[in-house]
Amino acid sequence: GSNRVRGTYQQIQLGTSTAELWTDIPFTFHLEDYAVGLPYGLTYRDDQEQIAVLLEALLASHRSVFVDAPTGIGKSILAISAATGTYTDDESLPPLILTSNHGLQQQYTSFGISSITGRKNWPCLLDTTRTAENAICTTAGAPADCTHYRVCPYFVQKRAGLESAIVVTNYHYALKAWGVSPNTPLLIGDEAHSAENILRENATLKVYLPGAVKKELIDHTSA
């Protein structure tokens, strides 16, 4: 049928788990050819290390890798493993892990991963009745001109995240900050099935008929 996954199919035994692969190019995998580690004292459990090794091998030969795994397998640990050791230069962002909500983002933070959250989550130090989202620096001057810029909680956590080896944020923030193609060596979308709706919400296309009266023809927010 039209929904069949296309490509070369194979099964690979990983401990007690079986991985089903569909690859668009021939793929040969030998477990002993790869070694993966985890940062921050984290450890693998069950078959996670073998699965992490398979992901590393796939990422080495494929531009995009999609993972569908059951609840409880530890996808967060696998994402951290994939991002660990990824090379970055001074011009690019660190490897990005994107989540659909703050709860999942905090889960990564509990593993030691640096996090960036949006302005509305942080207070303005100049006016405590405001958040960083509607702070004075958003309407008058540049943020760097603020006398509290170096200690502003929002910018402190943002700088720390961008200087880290791996950073986690949410889809909404990433789209607003870096657009649909952030300059990063590795982009990991956790709960990626939610990305479509978030993209639709943040990138609406509206087409109007010519003439004085605008009649909306297409609005992807309601598609």
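Contact, in this report, means that heavy atoms lie within 4.5 Å of each other. Helices (H or I, at least four residues) and strands (E, at least two) are DSSP runs, numbered from the N terminus.

The structure is a predicted model, in which local features need pLDDT of at least 70 and side-chain atom pairs count only at pLDDT 80 or more, while totals for chains, interfaces and linings use all residues. Residues are numbered from 1 along each chain as its sequence is written, and side-chain values use heavy atoms, with hydrogens and water left out.

**Confidence**

The predictor's confidence in each residue is given as pLDDT, from 0 to 100. The protein has a mean pLDDT of 86, and 88% of its residues reach 70 or more. In residues 215–223, however, the pLDDT is below 50, although this stretch has 20 contacts in the model beyond near neighbours in sequence. Where pLDDT is low, the predicted coordinates should not be read in detail.

**Helix α5 and its surroundings**

A residue is called buried under 20% relative accessible area, exposed over 50%, and partly exposed in between (1.4 Å probe, protein chains only). In helix α5, residues 171–178, the buried residues are Y171, Y173, A174, L175 and W178. These buried residues pack against β3 (96–99), α4 (153–162), β5 (167–170), β6 and α6. Just after α5, G179 has a positive phi of about 75°.

**Nonpolar cores**

A nonpolar core is a set of buried Ala, Val, Leu, Ile, Met, Phe, Trp, Tyr and Cys residues joined through side-chain atoms within 4.5 Å. The largest such core holds 30 residues, of which F27, F29, L54, I80, I97 and Y108 touch the most other members. Two or more residues come from each of β1 (8–14), β2 (17–23), α1 (48–61), α2 (75–83) and α3 (102–110). Helix α1 gives the most to this core, with seven residues. Not counting residues up to four places away in sequence, I80 touches L38, P39, L42, I97, Y108, F111, I113 and I166. A second, separate core has 17 residues, including L96, C152, A195 and I198. In soluble globular proteins, nonpolar side chains tend to be buried together.

**Charged side chains**

A salt bridge is a side-chain nitrogen of Lys or Arg within 4 Å of a carboxyl oxygen of Asp or Glu. The whole structure contains three salt bridges, listed below.

| Pair | N to O distance |
|---|---|
| D46 and R45 | 3.2 Å |
| R130 and D127 | 3.0 Å |
| R200 and E196 | 3.1 Å |

D46 is exposed, at 67% relative accessibility, whereas R45 is partly exposed at 39%. R200 and E196 both lie in helix α6 (residues 195–202), four residues apart, about one turn of the helix. In this pair R200 is partly exposed at 22% relative accessibility, and E196 is exposed at 52%.

D190 lies in the loop between β6 (187–189) and α6. Lys and Arg count as positive and Asp and Glu as negative, while His and the chain ends are not counted. D190 is buried yet has no salt bridge, and the nearest side chain of opposite charge, K75, is 6.3 Å away. Beyond its neighbours within four places in sequence, D190 is in contact with residues including S76, L98, Y108 and Y171.

**Cysteines**

A disulfide is a pair of cysteine sulfur atoms within 2.5 Å, and the count here is zero. The sulfur of C146 is 6.0 Å from the closest cysteine sulfur, in C137, and is therefore too far for a bond. For C152, the closest cysteine sulfur is also in C137, 6.5 Å away and too far for a bond. C152 is buried, with a relative accessible area of 13%.
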